Amino acid sequence: MKYLIFVLFLSFIRTLPLIAQQDTAIVLDEIVISAKTGINRDRQAKPSASVEEYLQTSEKVGMIKRGNYAWEPSINNMTTERISITIEGMKIFHACTDRMDPVTSYVETVNLSKVSLGSGFEANPNASNSIGGSLDMRLNKAGFCSDGLNINANMGYENNGNMWIGGADVSYAHPHFYVNSGLFRRHSGNYSAGGKEEIAFSQFTKNNFFTNLGYVVANGKAIEGTLIYDRASDVGYPALAMDVKTAEGLISSLSYTVENPFRLFYKWENKVYYNNIIHIMDDTKRPDVVMHMDMPGKSRTGGMYSTLDGQTGKHRYSFNWDAYYNRSYAEMTMYSNVPGEMPMFMLTWGDVRTLNSGLFGVDECRISEHHSVRLSSKWSLERSGLQSDFGWNTLKGYYPDMKRYINRVIGNVSTRYHFRKNGWDISAGAGYGNRAPSVSESYGFYLFNTFDMYDYLGNPHLKNESSTETGLSAEWKKRYFNIKADMSYFYFSHYIIGKPVADLSRMTPGASGVKIYQNLPHASLLNVSLWLKYWFWDYFSLNARATYARGQDDQGGNLPLIAPLNYNASLTFRKEHFFAETGITGAARQKHFSPEYGEDETAGYVIANLSAGYGIRLDKLIFNLKMGVENLFDTHYSTYSDWRNVPRKGRNFFINMELTFGRR
């Protein structure tokens, strides 16, 4: 098997010189998890995979791992501050100052239909304050149709970590009414890295409940609602000094949609939403704690948007207005081990309030059969500041002339040219935009970063960070062959990053010092990817992909958390009800690391995976069985994005069984 995997990879590498000169960039893509009925289990090697495991199959999306749960997504090698993640257009913000609860952690794949990926400034209409791109997770709704009753039950098991996965969902669809609801649970103990090394504090338990419903109130008019409740508990984070007692998310929305509301428009959607995120960190189960700390955080967001979609002649267009109001609050109480010494309290996010309202417009003009041009722009007004007197007075001690609230104008404009003919799909684009500093960058108060071991202090005097993006993309398709290459380049002005300040004293025991967020004059980031797919002998398909990135600051130093050359390749066999797949995933040595930001050299690695499955259908009853093994040779490794080099899972056997009744 080792030799087969090696030959597959060599076959891919030999094609690279033929396409190396086709520098390009994807500008808009969709990670299609499934159609209306949720995940297409027949097409997935591991149906019980988490949302994060699905997302990292895209060449634009990476995952930063601090443990076995709630990985932080990155797009184009840019993380939370520079990207936008929404659920059906709803703004949701993490409540943890250490970003241990990204938006993606509050949904499950069973409740997703697809994820719309926008690269750079070509993002979804409700994306705000993003430079690197956006993810909009679209929910799996039964829809207004005649499917009737559908029932689905799923169970999975993974031996590494003794993880149990199970859930069930039920839906009923009628042309005038639908409802679908489900419950999903994951429970894992500590996992083992390669060589049977147990990774302590990597356990977690997660429960997710969701309901989507809709009702046609009149011809072409419908009301739809969504409710999601997600609760994770006893979540271990081996890369951090603390774990998580609970992480709770309550997400709700109500929308009203009208078909053909006005002349020149075919759809008008209006939505109001509210979400409440509560995150409570915990170190009581850690041994040898120097100073016990309580660190609760809250993020509450209410918002609305109104979108008009239209088409006339050669033009397809959309206009959107959105607004949201967010409250972010986090505190820390430190309890000394010295008898009689009083606890120390501070606000790490001093009740930060953010009000944002923006207008978006896009027009795609089909100039001719083979040529089209897309223009888009979004501009917003944002007002943010510290509502808490205590928080404001504390930070004002470092910035005596700071204002209570700051008003900013943020936005972007982008254009793309598209050419399609004779199997070729070529596009070129450019854009310019900026973003406001995040809550932590502006108002964070002594936030300890375990990656570089520094306390971080916000800076309310930061300028908006701006970026100019250029991109190229080329794809060639034949009946049994598909090859694609893309490139994107970002040039930043007033790049925001933390820099050490010698005359400030650390607050956290063991910290190396204090960093304050500052604007660098400029920085740059290059992303390149190559992708190949080949179908042969009726039942076989070969997929291969390689990506590379390079990021530098104004002094030529390396930016942190930039991926080295990485690659994957897989060979898939499908015939009737049977499926089998073998593949590899790997990366080169990370030589462009940044010691200033806590990085060190990461060794290259290659891991192998195997999976197989079989499905049976008897009228309306469908049974699917999938099983496989990840990291077949039990390789011990960690990647550039593993916080403090915590190793990833070793050999992991998994099995998944699914039973479905109804139309599909």
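Reader: What makes E30 and strand E31 a pair?

Author: This is a predicted model, and in it ten bridges join E30 to E31, residues 605–618, with the strands running antiparallel. Two strands pair if there are at least two bridges between them, so ten is enough for the call. To find a spot on the structure, look at Ala 580, whose bridge partner in E31 is Ala 612.

Reader: How do you know that E30 also pairs with strand E29?

Author: Count the bridges again: ten of them join E29 (residues 566–575) to E30 (residues 578–587), and the two strands run antiparallel. The cut-off is at least two bridges, so E29 and E30 pair as well.

Reader: What lies between E29 and E30?

Author: Two residues, and the strands form a hairpin. In that turn, Glu 576 has a positive phi of about 55 degrees.

Reader: Let's move to Asp 351. Why is Asp 351 called buried?

Author: Its relative accessible area is 11%, and buried means under 20%, so Asp 351 qualifies. Asp 351 lies in strand E19, which spans residues 344–366.

Reader: Which residues does Asp 351 touch?

Author: Leaving out residues up to four places away in sequence, Asp 351 touches Arg 327, Ser 328, Tyr 329, Gly 385, Leu 386, Gln 387 and Ser 388.

Reader: What makes the link between the side chains of Asp 351 and Arg 353 a polar contact?

Author: The distance is 3.0 Å.

Reader: How do you know which strands E19 pairs with?

Author: By the bridges once more. Strand E18 (residues 315–335) is joined to E19 by 19 bridges, antiparallel, and Phe 319 stands opposite Gly 361 in E19. E19 and E20 pair over 15 bridges, also in the antiparallel sense. There, Arg 353 stands opposite Gly 385 in E20, and the two strands form a hairpin with four residues between them.

Reader: Now helix H3. Why are its buried residues said to line one face?

Author: The buried residues of H3 (residues 389–396) are Gly 391, Trp 392 and Leu 395. Seen down the axis of H3, they fall within an arc of 95 degrees, so they line one face of the helix.

Reader: What covers the buried residues of H3?

Author: The cover includes E19, strand E20 (371–386), helix H4 (439–443) and strand E24 (454–457).

Reader: And what is going on at the start of H3?

Author: A side-chain oxygen of Ser 388 reaches to within 3.3 Å of the backbone nitrogen of Phe 390. Ser 388 is also one of the residues that Asp 351 touches.

Reader: Zooming out, why is the protein chain called as compact as a globular protein of its length?

Author: The protein chain has four helices and 33 strands. Its radius of gyration is 25 Å, close to the 26 Å that the globule rule gives for 664 residues, so the chain is as compact as a globular protein of that length. The C-alpha atoms fill a box of roughly 75 × 65 × 50 Å along the principal axes.

Reader: How many of the 664 residues count as buried?

Author: 57% of them. As for contacts with a separation of 6 or more, residues 24 or more positions apart account for 67%.

Conventions
Residues are numbered from 1 along each chain as its sequence is written. This is a predicted model: local features need pLDDT of at least 70, side-chain atom pairs count only at pLDDT 80 or more; totals for chains, interfaces and linings use all residues. Side-chain values use heavy atoms; hydrogens and water are left out. Buried means under 20% relative accessible area, exposed over 50%, partly exposed in between (1.4 Å probe, protein chains only). A polar contact is a pair of N or O atoms within 3.5 Å; within protein, one must be able to donate a hydrogen and the other to accept it, and residues adjacent in sequence count only if both atoms are side-chain atoms. Contact means heavy atoms within 4.5 Å. The radius of gyration is taken over C-alpha atoms; the globule rule is 2.2 Å times the number of residues to the power 0.38. The arc is that of the directions from the helix axis to the C-beta atoms.
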